[in-house]
Structure formats: structure tokens, C-alpha cells
Amino acid sequence: MESPPIEEFSHFSHRHPLIKVSDILDEEDQVICSGCEHDLLGGSAYTCTKMNCNFILHDSCFDLPRQIKHKSHPKHTLSLHFKPPYYDGEYTCDACGNSGHAFTFHCEKCKFDLHVECACLPEIEERGDHQHPLTLCYNSSNLFVGKEVEVDVLCYVCKKGVGKTCWFYCCLACKCGAHLDCVSTQEIQVLEI
């Protein structure tokens with residue numbers, strides 16, 4: 001009995017056909033998603049059918065919308081680019097301040113960029129070491145009562161300053177904040193937008 005043909009998929013970010021695979025990775029393998037640049041551990045993914053082509057995407061990266069509206073950049077729609085739209089092949093994420101070389105949600109008019117995972121951050125996070133929920137804040141301007149200018153926010157987790165232009169999680173009740181990375185104690189996963 002012949003096995004059914006393997007279904008091939010196309011994705012705007014890659015010129016070769018892709019196939020969906022399940023549980024192909026051992027914990028010892030380190031495979032990086034070509035979309036979000038994070039480890040791909042277990043589960044299913046889309047991988048290139050061509051020999052010697054290492055293109056692979058998480059399910060969630062494969063299914064990302066081509067355009068989004070984001071609260072951090074309300075004036076313009078952000079478009080998903082499969083590579084940075086800059087001549088040096090790199091962008092700086094306006095949320096976390098880190099560089100990226102793969103997918104970005106991009107505003108052409110403002111040169112605004114977000115990593116896929118930063119665009120998908122939850123608005124509220126709960127941590128066992130803090131009594132209140134933490135809210136995602138896009139900057140420190142006018143955040144804390146009595147402050148009319150940008151303030152230096154000290155991360156209550158690592159005790160280092162949070163950049164004035166970087167996003168962070170804050171507790172309005174305690175008037176404290178935390179870096180995105182410090183709040184994220186679990187493995188990074190791309191969420192539904």
C-alpha cells in the first residue's frame with residue numbers, strides 16, 4: 001500500500017516548497033527558526049524540501065499575519081518582512097532594543113521595527129515574586145503619578161535600569177518595573193496576534 005503524497009506548502013518568505021513535520025528534533029539538536037531566530041524544540045514545524053537548505057519555521061511563525069495594527073504604533077499598519085528592509089541586513093527592535101536579522105514587523109514611514117515575539121507580548125504578566133499583575137508599557141513617559149517627563153525605571157528583578165525608549169512591564173500600584181527579559185522566565189514562544 002502506497003503512502004499518501006506529502007503535502008507541500010508555500011510561504012512568502014522562502015522560494016522553495018515547505019513540508020510540515022512533527023517531532024523531528026531531539027533535545028540535543030539546536031535548530032533555529034528562520035522567522036523568529038529562536039530555538040525550535042519539539043512540536044511541529046515547516047521545513048524546506050530542498051537538500052542543504054536549512055530553512056525552517058515554527059508553526060506560529062508560518063501563520064503570522066502579513067500586516068498588523070499594534071498599540072505601540074497606532075498611526076500606521078506594520079507589515080511583516082521576511083528580512084530586514086535595511087542595506088546592512090539588520091534591524092533594531094523598537095521594543096527590546098536588540099538587533100534582528102530575520103522577520104520583522106516594520107513601518108516603512110517611521111522605520112519602526114518589532115521582533116515577532118515582541119509584537120506578540122501579552123499585555124498583562126503575572127509573576128510569583130510580585131503581588132500585582134504587571135502591565136506592558138511602551139515607554140516611561142507620564143507613567144508614574146507626579147512625573148511629567150521620562151523617568152529612569154529600575155528593574156525590580158535584576159536591579160539594573162530599563163532604557164527610556166525600551167518597553168518594560170510595570171506595576172502601577174508599586175510604581176516599579178521590570179525588563180521584558182526579566183519578566184519572561186519561561187521559554188520564549190511566539191503567541192497568536
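Which side chain does the side chain of Ser72 join in a polar contact? The partner is His70, and the contact is 2.8 Å. Keep in mind as you look around that this is a predicted model.

**Around Ser72**

- Ser72 sits in the loop that runs between strand E5 (67–68) and strand E6 (78–81).
- Is Ser72 buried or exposed? Its relative accessible area is 18%, and Ser72 counts as buried because the cut-off for that word is under 20%.
- Setting aside neighbours within four places in sequence, Ser72 is in contact with Phe112, Leu114, Tyr138 and Trp167.

**The sheet that holds E5 and E6**

- Strands of a sheet pair through backbone hydrogen bonds, and they can do so in a parallel or an antiparallel way.
- Here, E5 and E6 belong to an open sheet of four strands, in the order E5-E6-E9-E10, with antiparallel pairing.
- E5 and strand E10 (112–114) are at the edges with a single partner strand each, so one side of each has no neighbour in the sheet.
- E5 and E6 run antiparallel and are joined by two bridges; Gln67 has Ser79 in E6 as its bridge partner.
- E6 also pairs with strand E9 (residues 104–107), again in the antiparallel sense, over three bridges. In this pairing, His81 stands opposite Thr104 in E9.
- E9 is joined in turn to E10 by three bridges, with the two strands running antiparallel. Cys107 has its bridge partner, Phe112, in E10.
- E6 has two faces to look at: Leu78 and Leu80 make up the covered one, while Ser79 and His81 make up the uncovered one.

**Another sheet**

- Two bridges hold E11 and strand E12 (residues 134–137) in an antiparallel pair, where Ile124 is opposite Thr135 in E12.

**The nonpolar core**

- The largest nonpolar core contains 45 residues, and those with the most contacts inside it include Leu57, Leu78 and Leu114.
- Strand E15 (residues 168–171) gives the most to this core, contributing four residues.
- Leu78 is also on the covered face of E6, and Leu114 is among the residues in contact with Ser72.
- Leaving out residues up to four places away in sequence, Leu57 touches residues including His11, Cys33, Leu40, Tyr46 and Phe103.

**Salt bridges**

- Side chains of opposite charge can pair when their charged atoms come close.
- How many salt bridges does a search of the whole structure find? The search finds four.
- One of them joins the side chains of Asp59 and Lys20, at 3.8 Å from N to O. This pair links distant parts of the chain, since Asp59 is in helix H1 (residues 59–62) and Lys20 is in strand E2 (residues 14–22), 39 residues apart.
- Both partners are partly exposed: Asp59 has a relative accessible area of 23%, and Lys20 has one of 42%.
- Lys71 forms a salt bridge with Glu123, and the closest N and O atoms are 2.9 Å apart. Lys71 is in the loop between E5 and E6, and Glu123 is in the loop between helix H2 (116–119) and E11, so this pair ties together parts 52 residues apart in sequence.
- Lys71 is exposed at 55% relative accessible area, whereas Glu123 is partly exposed at 41%.
- Glu108 pairs with Lys111 in a salt bridge whose closest N and O atoms are 2.7 Å apart; Lys111 is partly exposed, at 43% relative accessibility.

Key: Residues are numbered from 1 along each chain as its sequence is written. This is a predicted model: local features need pLDDT of at least 70, side-chain atom pairs count only at pLDDT 80 or more; totals for chains, interfaces and linings use all residues. Side-chain values use heavy atoms; hydrogens and water are left out. Buried means under 20% relative accessible area, exposed over 50%, partly exposed in between (1.4 Å probe, protein chains only). A polar contact is a pair of N or O atoms within 3.5 Å; within protein, one must be able to donate a hydrogen and the other to accept it, and residues adjacent in sequence count only if both atoms are side-chain atoms. Contact means heavy atoms within 4.5 Å. A nonpolar core is a set of buried Ala, Val, Leu, Ile, Met, Phe, Trp, Tyr and Cys residues joined through side-chain atoms within 4.5 Å. Two strands pair if DSSP finds at least two bridges between them.
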